[in-house]
Amino acid sequence: RTLEIPGKEHWFGTDALGRDLFVRVWQGARVSLFIGFAVSIINRIVGTILGGLSGYYGGTFDMVMMRIVDVLYGLPTMVITIMLMVILKPGIHCLIIAMVLFGWIGTCRLVRGEVLRLKSQEYVSAAKVLGVKDFKILMKHIVANMMGLQITSLMMAIPGAIFMEAFLSYIGLGIMPPNASWGLLAKEGSQLVKTSPWMMFLPSFFISTTMLAMNLFGDGLRDAMDPTLRGSD
């Protein structure tokens with residue numbers, strides 16, 4: 001049956017084609033969470049590499065990189081992402097590419113600032129005097145000391161990536177049928193909100209609760225990993 005209300009047989013009801021909405025929601029969870037984690041992790045990696053090199057070596061490379069970042073930071077990210085999705089073929093991989101293209105900028109600036117602070121520490125200077133290679137100093141003495149910040153930043157970025165995917169899918173520029181994502185399910189549900197409101201409510205509920213859970217988890221990680229906050233308790 002199509003548009004069956006939630007019950008014992010179909011916990012979340014069925015959609016306009018008679019498909020079990022419970023199954024569709026969890027299929028959408030797999031896609032939405034994969035995109036959220038993939039985009040956030042790639043952004044952290046790219047931003048850490050570029051920001052780390054820029055902060056550690058400084059000079060002309062740092063100046064050029066920061067000017068590029070400043071220019072990109074001033075562009076309307078959402079508008080550019082929408083334009084890219086209009087040009088690219090809708091799908092998971094194209095969606096990740098479009099979201100990563102500008103998503104690394106914030107991480108790059110954050111990492112650069114931390115590297116500038118850490119590279120002036122005595123243990124970094126001692127490693128340089130002992131002849132330790134730059135790559136090892138960056139990885140063992142600088143990046144390793146930013147892991148807490150990076151993990152917290154990652155967890156705080158995942159909700160934003162999930163919301164971006166949901167928004168793009170909702171306006172028809174993200175995941176396309178017959179695939180499923182929370183944004184696409186919300187779009188399909190909005191077309192039948194007057195007759196079958198649960199079709200829009202359920203994916204929207206999972207988007208909201210997942211974003212809230214990730215934000216709370218990120219706040220908890222920040223409090224646990226920041227020694228200044230632990231000392232103030």
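Buried here means under 20% relative accessible area, exposed means over 50%, and partly exposed is what falls in between, using a 1.4 Å probe on protein chains only. Keep that handy for the tour. You are looking at a predicted model, where local features need pLDDT of at least 70, side-chain atom pairs count only at pLDDT 80 or more, and totals for chains, interfaces and linings use all residues. Residues are numbered from 1 along each chain as its sequence is written, and side-chain values use heavy atoms, with hydrogens and water left out.

**Stop 1: Ile82 and helix H3**

Select Ile82, which sits in helix H3. Helices in this tour are DSSP runs (H or I, at least four residues), numbered from the N terminus. Ile82 counts as partly exposed because its relative accessible area is 23%. Now show what Ile82 touches: Phe167, Leu168, Ile171 and Leu173, leaving out residues up to four places away in sequence. Contact means heavy atoms within 4.5 Å.

Next, colour all of H3 (residues 77-87) and pick out its buried residues, Ile80, Thr81, Leu84 and Met85. They lie on the same side of H3, because they cover an arc of only 135° around the axis; the arc is that of the directions from the helix axis to the C-beta atoms. Which helices do the buried residues of H3 pack against? Show helix H4 (92-103) and helix H8 (147-170), and you have them.

**Stop 2: the largest nonpolar core**

In soluble globular proteins, nonpolar side chains tend to be buried together. A nonpolar core here is a set of buried Ala, Val, Leu, Ile, Met, Phe, Trp, Tyr and Cys residues joined through side-chain atoms within 4.5 Å. Select Ile35, Val39, Val69, Leu95 and Met99: in the largest core, which has 26 residues, these touch the most other members. H1, H2, H3, H4, H5 and H8 each give two or more residues to this core, and the largest share, six residues, comes from H4.

Zoom in on Val69. Leaving aside neighbours within four places in sequence, Val69 is in contact with Trp104, Ile105, Cys108 and Arg109.

**Stop 3: two pockets**

A pocket is found on a 1 Å grid over the protein atoms alone, as an open set of points where a 1.4 Å probe fits, with protein on both sides within 12 Å along at least five of seven lines; lining residues have an atom within 4 Å of a point. Grid points are joined across faces, edges and corners, and the volume is the space filled by probe spheres set on the points.

The largest pocket holds about 410 Å³ of space. To find it, select Asn43, Thr77, Met99, Phe102 and Gly103, which are the closest to its centre of the 21 lining residues. Helix H1 (21-57), helix H2 (59-73), H3, H4, helix H5 (105-118) and H8 each supply at least two lining residues. H8 gives the largest share, five residues. The lining has 11 nonpolar, nine polar and one charged residues, where Ala, Val, Leu, Ile, Met, Phe, Trp, Tyr, Cys and Pro count as nonpolar, Asp, Glu, Lys and Arg as charged, and the others, Gly among them, as polar.

Move on to the second largest pocket, with about 320 Å³ of space. Of its 15 lining residues, Arg44, Thr48, Ile49, Val143 and Gln150 are the closest to its centre. H1, helix H7 (134-143) and H8 give two or more residues each, with the largest share, seven residues, coming from H1. By class, this lining has 11 nonpolar, three polar and one charged residues.

**Stop 4: Ser153**

Select Ser153 in helix H8. Is Ser153 buried or exposed? Its relative accessible area is 17%, so Ser153 is buried. Not counting residues up to four places away in sequence, Ser153 touches Arg44 and Leu110.

**Stop 5**

Follow the chain past H8 to Pro178, in the loop between H8 and helix H9 (182-190). A cis peptide bond joins Pro177 and Pro178, with omega about 10°.

Now select H9, which is largely enclosed by the rest of the structure, because seven of its nine residues are buried. Those are Trp182, Gly183, Leu184, Leu185, Ala186, Glu188 and Gly189. H1, H8 and helix H10 (198-225) are among what covers them.

**Last stop: Gly59**

Finish at Gly59, in helix H2. Gly59 counts as exposed because its relative accessibility is 54%.
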